[in-house]
Amino acid sequence: GRLRIVVSRHQTPALFAEVDAITDALRLPPLNQIRIASPANATIAQRPRWFGLAGHSVELTLGLPIVQNTSRDVLRAVLAHELAHAARRDGVRCMVIARVLSQWRRLACVAKTHRFFGATITHRLARGFVAHFECLARQELHRAELAADAEARRIVGGAALALAIRLLQDPSLRSVTHPMSHRRLSAIEAVDAQKPRDSSEM
């Protein structure tokens, strides 16, 4: 079956020690619980409190294989990347994107399946908007991933982050939410290659 449990500080103190070090570096409030799931990936979600008036809660989900079967450096790189998304409020941005797309897809579906005055033109306009917005959303989500990588590299170093990407992202995968792994690795390598030159100029 699919595993999905919630662990607290007193249950996994070593894991929370790693999380606390990274939330401190990112100036995030501490997490009080972490979700553990079956898939070998990690996600961050930000849920509004009191319709956003009281900020957003951060929900971190880690795959059990990441917690149990990877090195400390890889685990820290995964944590730094996901928590960097929270620091950048990418979870809030993703919710807005998903909501807009859902509404326009629903409008396109209604216009296609119901007969009303202007249904044909409404369907075409809605489909056109969805296609255009999906393209913009993909670009924004890819930028957010690269920005989270940059923050994670600052905290854990390029070598650990690159190793995590090689282990956990399928190099052939084309994703709406993630750039291909070679693009992420190239961005990390470009920054790391720049460092010796910058230090020699000082």
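**Reading the pockets of a predicted model**

Tutor: In this predicted model, the lining of the second largest pocket splits into 7 nonpolar, 4 polar and 3 charged residues.

Student: How is empty space found in the first place?

Tutor: A probe the size of a water molecule is rolled over the atoms, and this shows where space is left empty.

Student: How many residues line the second largest pocket, and which lie nearest its centre?

Tutor: There are 14 lining residues, and those nearest the centre are Pro30, Leu31, Arg49, Ser57 and Val58. The space in this pocket comes to about 240 Å³.

Student: Which element gives the largest share of that lining?

Tutor: Strand E4 does, with 5 residues. Strand E2 (33–37) and E4 are the elements that give two or more residues to the lining of the second largest pocket.

Student: What volume does the largest pocket have?

Tutor: Its volume is about 1,000 Å³. The lining holds 45 residues, with Ala42, Thr43, Glu82, Glu145 and His178 closest to the centre.

Student: How do the residues of the lining of the largest pocket divide into nonpolar, polar and charged?

Tutor: For the largest pocket the division is 21 nonpolar, 11 polar and 13 charged.

Note on methods. Residues numbered from 1 in each chain as written. Predicted model: local features only at pLDDT ≥ 70, side-chain atom pairs only at ≥ 80, totals over all residues. Heavy atoms only, no water. 1 Å grid on protein atoms, 1.4 Å probe; cavity = no way out; pocket = protein on both sides within 12 Å on 5 of 7 lines; lining within 4 Å. Points joined across faces, edges and corners; volume = space filled by probe spheres on them. Nonpolar A, V, L, I, M, F, W, Y, C, P; charged D, E, K, R; others polar. Helix = DSSP H or I, 4+ residues; strand = E, 2+ residues; numbered from the N terminus.
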